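This report concerns the contacts within and between the chains of one protein model. The sequence and structure are shown first.

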Number of protein chains: 2
Amino acid sequence: MKLMVVGGAGYIGSHTVRQLRAAGHSVVVFDNLSSGHAQALPEGVTLVQADLLDAASVKAALEAHQPDAVVHFAALIEVGESMRAPGRYYRNNVVGSLNLLQSVVETRKIPLVFSSTAAVYGTTDAVPIPEDAPMHPESVYGETKLMTENMIHAFHVAHGLPYIILRYFNVSGAAPGGDIGEAHPNKTHLIELACLTALGQREKMMIFGEDYPTPDGTCIRDYIHVQDLADAHVLAVEALASGRQEAGTYNVGLGHGFSVREVLDAVDAVTGRPLTREIAPRRAGDPPRLVADAHRIVQELGFNPQFTDLKEIVRTAWEWHRSHPHGFDQ
Amino acid sequence: MKLMVVGGAGYIGSHTVRQLRAAGHSVVVFDNLSSGHAQALPEGVTLVQADLLDAASVKAALEAHQPDAVVHFAALIEVGESMRAPGRYYRNNVVGSLNLLQSVVETRKIPLVFSSTAAVYGTTDAVPIPEDAPMHPESVYGETKLMTENMIHAFHVAHGLPYIILRYFNVSGAAPGGDIGEAHPNKTHLIELACLTALGQREKMMIFGEDYPTPDGTCIRDYIHVQDLADAHVLAVEALASGRQEAGTYNVGLGHGFSVREVLDAVDAVTGRPLTREIAPRRAGDPPRLVADAHRIVQELGFNPQFTDLKEIVRTAWEWHRSHPHGFDQ
C-alpha cells in the first residue's frame, strides 16, 4: 500500500513511517516541519513540505500521490502552551484536521488513522480507563483532539469515511539503534527529561508530589514504547484497508503503569549516572494514576507490544539521547 | 453603546438589533446574507455584508466601527442538514467563530455575547434542564455550538475575554406589528409550520408521536418569544459592559413548556382555521420534554419575559406570517 503520513517527520510520525516501510508499504510524508525533522525520514520517502492550513496543498498532495490511506499526526501538542494560546491550537489542530477531512472525502475517501490522546478523558477515577469512559478534557490541547475525534466520526456517518482513532497514553523510548528519537522544541516528557538530565543538560529532576495514594507516593503512568505505538498504526491501517474494520477507537497503552520513582530508578540504572531529585508539591490536574484499559486493541487489532520492561524502554531512549544530545541539530 | 451584531439580519439577530436600538444603543450588523435578510434591518443600521470565514474582513470591520461589544448569531442552524454536510457546519460555525474570537482579542478585547442552544445538552432526562447538566449534543449542529462555547471559555481564561453564552430553547413568535419575523430557507419550527399550513401553503400538520409519557401524549417544549430572547441579549450586553459580569452561561426559556397539541390548538384558536393533523410515529432523538431551568438568568441578569401566554406568542407569529406569507420575498 501507499500511505500518506501527515506529520510524519515528528517523533511518533517518523517511527510510524519506519514501521510502515518495514511492513512493506510505501510512504509519502506531508509535514510543515514546524516541529518535525526532515532528518528523521529515511531515504526513499517523499516529503511534501506544506501546511494543513493551506487546504489547496492538502488536496493537491492527495491528488498527486494517490495514497491508499492517510495517517494523521500533525498537531501542536503542548498542554501548557495550549492554555496560553488557545487560538493557535484550535486553528492548527481543529481547522487543520477539518481541511484534511474535507480534502479526503472530496478526493479519494480513503481510510484515516488519527492520532488522539488519553488527554481526551481528563481527570478520571477510572483505573484502568476504558474507551467508553466519560470525556472531559481539561486542556485546550485535549479538547482539540476530542473535537477532531468528533469531526472524524461525523464524516464517517455522513460520508462513509473509514477511520481508526488511537488514544495514546505516555509515549516513550526510541527505535533501537539510536538514529531517531524524541526531539521536541520544548521538553516535557519524563524519560526524555531524565535522559537529558543524565547528560548534564539539566541540573535535577523534579518529582511533583510524593504523597499520592500510590505504593511509593508518586504518580503512575502507562508508558507505551514509540515503536510499539508505531506498530499499532500499521495494524490500524491494514485493518481498515482490508475492510476488517470500518470505524473504531482504541486506547494504546500497556495496561499497567510505572511510578515516577520507578522511572527515575530505571534511568539511574541504565545510565549509571544517578539523578539529583527534588520533591515539589503536586501539580494541579495531575491524577494519581493514568493507565489504559488496553484490551480492545489487543482483541480487535491483534496488538502485541514488545517493550514491556521499563529498563528496555529507557535503554532505547538513552541510546538515542546519548548519541544525539542535541536531537537532530548537531 | 455601539454594538456589532454578527448575523444580525437573521430571525433572532434582527429582533435583537431592534431591541438594542430601543434600549438606546447603536448597531452595526455584520452578515453574509446567506440566510438573513437586509429588509429585516431598520433604517440607520449599517450593514457590513461579509463572511466570518474571511478573517480579514472581520478584523477590518472591528477596526472600522470600533464597537463596544459583539453579539454573535452567525451560524448554520439545521440539525438534519448538519448530519448530512458536517464539513459545512464545522467550517461555518466553528472556524467562523474562531476567526471572530481571534479578531476580537487581537483588536479590541471587547465583550462577546454568544448565541448557543439547548441542543448542547442532547437527550436528557433532566426536567427542567439546569446549565450544569451534562452536555452530549446529538447533532453536528449542537456539537458546533458546544465547540464554540468551549473556545470562548478558553479565550476568556487565556486572554480575559468577557463573555455571556445564552442557550436558547424553542424560539418562537415575532415582534408585535408584523413587520419582521421568521423566514428561514427551510421550515422546521412548529409554530411557523402551523401558521404556513393555516395559510394553505402546506396540506397538514404532522404530530410525531402521541404516546409519550406526557399529559396529552405529545412532546413538550419550552417556547421562548423572540422579543424576550432579544431582550436577554440586551441584558447580557449591558451586564458585560458595566463590568457586573465577566463570564456566564444562561439558559433562555420560560421554565415551563407546551405540548405539540397545545400549540396546534392555540394556532387553531388564533387563526380560526383548524389545521388538519396527522399522527405519525415518534422521531428518533425527540425526548418527551425539553424545558429550561431558567432561574439563573432571572436571578443574575434580571430577565423578565413578557410573552408567557401561548396564544399571545402564536398571535405575534400569525400577524407576521399572514402579512408576509412568503417572508421577506414578496
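The text below describes a predicted model, beginning with the domains of chain A and ending with backbone details.

**Domains of chain A**

The domain assignment divides chain A into domain 1 (2–171 + 224–252) and domain 2 (173–222 + 256–290 + 306–329). The C-alpha centres of domain 1 of chain A and domain 2 of chain A are 25 Å apart. Separately, the unreviewed UniProt entry lists residues 4–253 of chain A as "domain: NAD-dependent epimerase/dehydratase". That span, residues 4–253 of chain A, is 38% helix and 19% strand, and its end C-alpha atoms lie 24 Å apart.

**The contact between the domains**

The contact involves 22 residues of domain 1 of chain A and 24 residues of domain 2 of chain A. Together, domain 1 of chain A and domain 2 of chain A bury about 2100 Å², with 58% of this on carbon and sulfur atoms. On the side of domain 1 of chain A, 28% of the area buried against domain 2 of chain A is supplied by A:Tyr11, A:Arg18 and A:His225, more than by any other three residues.

Between domain 1 of chain A and domain 2 of chain A, the count is one salt bridge. The side chains of A:Arg18 and A:Asp179 form a salt bridge, at 2.8 Å from N to O. Eleven residue pairs are in polar contact between domain 1 of chain A and domain 2 of chain A, with both residues at pLDDT 80 or more. On the side of domain 1 of chain A that touches domain 2 of chain A, the elements giving two or more residues are α1 (11–22), β10 (223–225) and α7 (226–241) of chain A. The largest share of that side, four residues, comes from α1(A). By class, the side of domain 1 of chain A that touches domain 2 of chain A has eight nonpolar, ten polar and four charged residues.

**The contact between the chains**

Chain A and chain B each give 20 residues to their contact. About 1700 Å² is buried between chain A and chain B, 67% of it on carbon and sulfur atoms.

Helices α3 (79–84), α4 (86–107) and α5 (140–159) of chain A each supply at least two residues of the side of chain A that touches chain B. That side of chain A divides into eleven nonpolar, five polar and four charged residues.

**Salt bridges**

Over all chains, the whole structure has 28 salt bridges.

| Pair | N to O distance |
|---|---|
| A:Arg18 and A:Asp179 | 2.8 Å |
| A:Asp265 and A:Arg277 | 2.7 Å |

The pair of A:Asp265, in helix α8 (residues 260–271) of chain A, and A:Arg277, in strand β13 (residues 277–280) of chain A, ties together parts that are twelve residues apart in sequence.

**Backbone details**

Most residues other than glycine have a negative phi, and most peptide bonds are trans. A cis peptide bond joins A:Val127 and A:Pro128, with omega about -10 degrees, and A:Pro128 is in the loop between β5 (112–117) and α5 of chain A. In chain B, B:Val127 and B:Pro128 are likewise joined by a cis peptide bond, with omega about -10 degrees. A:Lys109 has a positive phi, near 45 degrees, and lies in the loop between α4 and β5 of chain A.

How values were computed: Residues are numbered from 1 along each chain as its sequence is written. Chains are lettered from A and ligands numbered from 1 in the order in which they are written. This is a predicted model: local features need pLDDT of at least 70, side-chain atom pairs count only at pLDDT 80 or more; totals for chains, interfaces and linings use all residues. Side-chain values use heavy atoms; hydrogens and water are left out. Domain bounds come from an automatic or database domain assignment. Contact means heavy atoms within 4.5 Å. Buried area is the accessible area (1.4 Å probe) that two parts lose on being put together, summed over both. A salt bridge is a side-chain nitrogen of Lys or Arg within 4 Å of a carboxyl oxygen of Asp or Glu. A polar contact is a pair of N or O atoms within 3.5 Å; within protein, one must be able to donate a hydrogen and the other to accept it, and residues adjacent in sequence count only if both atoms are side-chain atoms. Ala, Val, Leu, Ile, Met, Phe, Trp, Tyr, Cys and Pro count as nonpolar, Asp, Glu, Lys and Arg as charged, and the others, Gly among them, as polar. UniProt positions are given in the numbering used here, feature names are shortened, and annotations may be inferred rather than shown by experiment.
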